[in-house]
Amino acid sequence: MFLFMGKRTLTVLFLLVFPLCAISAEERLPLSLTRAGLVSSFKAQSLSILSTSDKKENSFNSYNLTLDTYGLYSNVSDYPGVKLNIVHNSIIDSGRINDEIAYIIYMGAGGVAGYVRDYSALPRNHGFIFGLNTCAGALASFRGSRLELGVEFDAEWAFQIRKMEESDGRIGLSWYANGVLRALIPKISLYYRFK
Amino acid sequence: MKRKLGITLLFLCLSISAWAGITASCSWGYGAQLYKAQAFSYTPNRVGYRVSEYAYGFTYLSTAYLNFALSYEFAHKASIGLKSGYKGIDQNYSIIPLELEARYYFKSYEESSAFLSLEAGSALHDLNFKDQIILASLGLGYREHLYKSLSVDFFLKLDAFYGHPLPIDRYEGEIPRSQLYFSYVSCAFLNLGIQINF
């Protein structure tokens, strides 16, 4: 399309669009990557990124790429499930235990999507899930170290769409029971703080 | 039973860790089985047969483990500890390791420092020692000191397993020890893990 435009038209277009790009980039800047780490538990292992926004104080977003280990330890499943959780968290309490330890307590809600195996008496195959995610946790930071240690609980309120191998491959929609059944399994989080 | 044993062990670790010089820890991680050699020979129930198999070579099998340990730290740079937990070795074969771990910290265990670790021990399978398992490990890691005795270790370990497990026959399942002439299995693992010390 740009091949048919004159040089002057292109310059005008560039001048019109560039400030918009610059503004949007500037708006995105305050959302900074502050922590990256590993969230580990019996039910799943996640790579996690926490980012804060200057616009909203006392809140942060977490982005987790999760390997769901359901059925893996008991040899029911040969490969793990994959999930992406994006959660907006609000800090409900923060403070200091002493001069060396500071902590935050947070709760959050967001969304989850993925391809995982669900709990059932039958050895059910993997299926796609989508739904809501809620979590609550605490994170402690220590003087002299950029490593932070925390504990977190999360529940997933999701539906699963699955090609049911036990019923001639028909498509089935079901409640993702594991998201709630395994909500009370604690997750230990280890984060590296960038600044 | 396993859960009760685990919870009891955890509380035992936490209560003993209150003593000076003794640290309790919990470690977990991913283990990749990279090499496996096995040889076995047995007589199955089918008349006139003797089954023998020898195989070795590079493999790739994902395993996981969870361990609890009590270690005594001394001379600012060394520690020695007892470790037990639950560890996957092969498909449908897991063990409860009982190991002695010795560590040397390049700076000190009271600050962030790299360390070398050596482990050796035996293991229970189906709550008995009949498989005569021998475990050994060599590792390199880094300790990040957080607060007082609280610290986090990251490590990479090369593990070795040697034992005499019961072979699985294609038609008859697990062969009893009375029908076995010999069974040797040895594996090598590369382990990546995290340890939290209280």
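Which residue takes a positive phi in the hairpin of S6(B) and S7(B)?

Good morning. The structure before you is a predicted model, in which local features need pLDDT of at least 70, side-chain atom pairs count only at pLDDT 80 or more, and totals for chains, interfaces and linings use all residues. Residues are numbered from 1 along each chain as its sequence is written, while chains are lettered from A and ligands numbered from 1 in the order in which they are written.

As to confidence, the predictor assigns the complex an ipTM of 0.79 and a pTM of 0.80. For chain B the average pLDDT, the predictor's confidence in each residue from 0 to 100, is 89, and 90% of the residues score at least 70.

Let me turn to the two chains. Helices (H or I, at least four residues) and strands (E, at least two) are DSSP runs, numbered from the N terminus. Chain A has two helices and nine strands, and its elements follow the order α-β-β-β-β-β-β-β-β-α-β from the N terminus.

A residue counts as buried if 20 or more other C-beta atoms lie within 10 Å of its own, as exposed if 12 or fewer do, and as partly exposed in between, with C-beta atoms placed from the backbone. Of the 195 residues of chain A, 27% are buried; of the 198 residues of chain B, 28% are.

The barrel of chain B comes next. Eight strands close into it in the order S1-S2-S3-S4-S5-S6-S7-S10, with antiparallel pairing. Two strands pair if DSSP finds at least two bridges between them.

Strand S3 (residues 78-90) and strand S4 (residues 93-105) of chain B are joined in the antiparallel sense by 10 bridges; B:Ser84 has B:Leu98 in S4(B) as its bridge partner. The loop between S3 and S4 of chain B holds B:Asn92. This residue has a positive phi of about 60° although it is not a glycine. Most residues other than glycine have a negative phi. B:Asn92 counts as exposed because it has 10 C-beta neighbours inside 10 Å.

B:His76 counts as exposed because it has 11 C-beta neighbours inside 10 Å.

Further along, S6(B) and strand S7 (residues 150-163) of chain B run antiparallel and are joined by 13 bridges, with B:Leu138 opposite B:Leu158 in S7(B). Here is the reply to my opening question: B:Lys148 takes a positive phi near 45° in this hairpin, which has two residues between the strands. S7(B) also pairs with strand S10 (residues 180-197) of chain B, antiparallel and over 13 bridges; there, B:Lys157 has B:Asn191 in S10(B) as its bridge partner.

Finally, how do the chains meet? Two residues are in contact if their C-beta atoms, placed from the backbone, lie within 7 Å. In these terms, 10 residues of chain B are in contact with 10 residues of chain A. Strand S6 (residues 128-147) of chain B supplies the largest share of chain B's side, four residues.

Thank you.
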